[in-house]
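Welcome! Take a look at the sequence and the structure below, and then let us walk through them together.

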Amino acid sequence: MIKILLARHGEAAKGPLIPDPTLTTLGHKQASTLAQSFTENTDLNIVSSPKLRAQQTAQPLAEKWRKIVTLENRVSEIPTPKGVTLQQRLPWLRSLLDQNWDPNNTQQKKWRDGIIHYLLSVQEDTIVFCHFMVINSVVAHVLDNSKIQQFRPDYTSITELKLLNEKLNLVRLGSERIRPIL
């Protein structure tokens, strides 16, 4: 059995004109607190989305364990459809939350399939620093549920999976966010 932890990034300095936001001061504190919550156990590989907020969230744990963060494009944020500007991205994301995954949307299907194929290829216990929509797409896959928003993972919450017999299983959901998500 392989343990896979999906860690949502810390609070990011989002704005309508910021394509790849960094962590806020609070987000850096959240990342540090998350790193301190782990013991000296260094048996987990550390993987991150290439987005800055995920990398910055992974960094304190990597420093604590003296490990390198491996970047993985397949756990990056959901791609924006053509015709949706950076300024329209946040409203577009919010509009998705109460919808179901569209099996005819080839861009979303390719993105979701990439995430699952990556997770099924993991060979060792791993922590993956990623995003709200990545975590929800994985939970939807594991539960075989077409709803996009499965739950509201808080910043730096950890959703635990196990990979057994080439199948992903949900061990526990991360802590949920009470305030608005995006």
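This is a predicted model: local features need pLDDT of at least 70, side-chain atom pairs count only at pLDDT 80 or more; totals for chains, interfaces and linings use all residues.

**Arg-53 and its partners**

- Arg-53 forms a salt bridge with the side chain of Glu-77, at 3.9 Å from N to O.
- This pair links distant parts of the chain, 24 residues apart: Arg-53 belongs to helix H2 (residues 52-65), while Glu-77 sits in the loop between strand S3 (69-71) and helix H3 (86-96).
- Is Glu-77 buried or exposed? Glu-77 is buried, with a relative accessible area of 13%.
- Together with Asp-20, the residues Arg-53 and Glu-77 are linked in a network of salt bridges.

**Other salt bridges**

- In total, the count comes to six salt bridges.
- One of them joins Asp-154 and Arg-177, whose closest N and O atoms are 3.2 Å apart.
- Asp-154 lies in the loop between helix H5 (132-143) and strand S5 (158-164), and Arg-177 in the segment after strand S6 (167-172), so the pair ties together parts that are 23 residues apart in sequence.
- Asp-154 is partly exposed at 22% relative accessibility, whereas Arg-177 is buried at 10%.
- Glu-160 and Arg-172 also meet through their side chains in a salt bridge, at 3.5 Å from N to O.
- Here Glu-160 is in strand S5 and Arg-172 in strand S6, twelve residues apart.
- Glu-160 counts as buried at 17% relative accessibility, while Arg-172 is partly exposed at 40%.

**A look at helix H4**

- Helix H4 covers residues 106-121, and its 16 residues reach 22 Å from the first C-alpha to the last, close to the 22 Å expected.
- Which residue caps the N-terminal end of H4? Asn-105 does, with a side-chain oxygen 3.1 Å from the backbone nitrogen of Gln-107.
- The buried residues of H4 include Trp-111, Ile-115, Tyr-118 and Leu-119.
- In an α-helix there are 3.6 residues a turn, so residues three or four places apart point the same way.

**The whole chain**

- There are five helices and six strands in the chain.
- The radius of gyration is 16 Å, close to the 16 Å that the globule rule gives for 182 residues, so the chain is as compact as a globular protein of that length.
- Buried residues make up 46% of the 182 residues.
- The chain exposes about 9500 Å², and carbon and sulfur atoms supply 50% of that area.

Technical notes. Residues are numbered from 1 along each chain as its sequence is written. Side-chain values use heavy atoms; hydrogens and water are left out. Helices (H or I, at least four residues) and strands (E, at least two) are DSSP runs, numbered from the N terminus. The expected span of a helix is 1.5 Å times one less than its number of residues. Buried means under 20% relative accessible area, exposed over 50%, partly exposed in between (1.4 Å probe, protein chains only). A polar contact is a pair of N or O atoms within 3.5 Å; within protein, one must be able to donate a hydrogen and the other to accept it, and residues adjacent in sequence count only if both atoms are side-chain atoms. The radius of gyration is taken over C-alpha atoms; the globule rule is 2.2 Å times the number of residues to the power 0.38. Accessible areas come from the Shrake-Rupley method with a 1.4 Å probe; for residues, only the protein chains shown count as cover. A salt bridge is a side-chain nitrogen of Lys or Arg within 4 Å of a carboxyl oxygen of Asp or Glu.
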